[in-house]
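Me: I'd like to learn how to read a model like this one. Can you walk me through it?

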Amino acid sequence: MSRDPAPDRVVHPIEEESFRRLRARVDTSHLAPLTRAVVERVIHSAADPDYLGDLVCDEAALAAAHGALHAGAPVVADVRMVAAGITRRTAVCRLEEAVSGPGLTRSAHAVRLAYEEVGPGALWVIGCAPTALEELLLLDAAPALVIGLPVGFVGAVESKAALRGSGLPAVSNISEKGGSAVAAAALNALLYHPYDPSPYPLAKENA
């Protein structure tokens with residue numbers, strides 16, 4: 001079982017200053033802790049404050065995913081650029097072995113291969129291909145979380161809307177923008193956020 005406690009992470013002074021400037025320009029103080037962590041790190045990764053109003057997060061879903069992640073749940077990335085951006089954890093990416101076929105893109109096939117490897121309960125990080133997200137929604141993957149932030153003018157908005165409509169625990173955004181860097185940043189926010197194995201306050205309140 002793998003755990004990734006945050007306290008041993010050394011934050012570079014440039015990153016500290018970057019977040020100080022971010023918070024001087026964008027007020028995130030009203031956000032719940034994990035939502036704030038995700039939103040701030042996504043904004044930081046893209047230098048784009050507009051993500052404050054573009055991202056869609058659910059604190060309870062993030063809390064459950066945070067626990068699963070730090071308990072060792074597998075992480076799957078749709079492309080190598082996403083996997084390379086995730087720190088402190090090796091992500092599964094099967095794109096190199098995937099092949100396209102009639103009605104099936106290479107990215108969609110990679111999702112099938114990855115699911116065969118990791119099974120239910122994984123955290124899926126999709127930052128490039130809308131078809132990867134579309135394929136994941138067709139599977140009975142029972143994910144711990146889907147970070148669905150594919151970028152593009154064709155299919156990206158629609159696939160993210162479908163993710164939100166699916167009822168799956170998710171991080172998504174409304175617009176066409178997204179990409180590997182912001183998707184990896186959202187996952188890293190959960191890795192870096194301090195982990196307490198005791199029940200999360202929202203879980204206690206909803207019990």
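**Reading the core**

Reply: Leaving aside neighbours within four places in sequence, I86 is in contact (heavy atoms within 4.5 Å) with V75, A91, V125, A184, L187, N188 and L191. This is a predicted model, where local features need pLDDT of at least 70, side-chain atom pairs count only at pLDDT 80 or more, and totals for chains, interfaces and linings use all residues. Residues are numbered from 1 along each chain as its sequence is written, and side-chain values use heavy atoms, with hydrogens and water left out.

Me: Which residues touch the most other members of the largest nonpolar core?

Reply: A nonpolar core is a set of buried Ala, Val, Leu, Ile, Met, Phe, Trp, Tyr and Cys residues joined through side-chain atoms within 4.5 Å. Buried means under 20% relative accessible area, exposed over 50%, and partly exposed in between (1.4 Å probe, protein chains only). Here the largest core has 43 residues, and V38, I86, L123, V125, L145, I147 and L187 touch the most other members. The element that gives the most to this core is α9, with nine residues. Helices (H or I, at least four residues) and strands (E, at least two) are DSSP runs, numbered from the N terminus. Another core, of 16 residues, lies apart from it, and V111, W124, I126 and A132 are among its members.

Me: How many residues of α4 are buried?

Reply: Nine of its twelve, so α4 is mostly covered; the buried ones include L62, H66 and L69.

Me: And why does the length of α4 agree with what a helix should span?

Reply: The expected span is 1.5 Å times one less than the number of residues. For the twelve residues of α4 that gives 16 Å, and its end C-alpha atoms are 16 Å apart, which agrees. After α4 comes G72, with a positive phi near 105°.

Me: Which residues have a positive phi although they are not glycine?

Reply: Most residues other than glycine have a negative phi. Here R88 has a positive phi of about 65°, and A142 one of about 45°. R88 sits in the loop between α5 (80-85) and α6 (106-118), and at 30% relative accessibility it counts as partly exposed. A142 is in the loop between α7 (130-138) and β4 (145-148), and is partly exposed too, at 46%.
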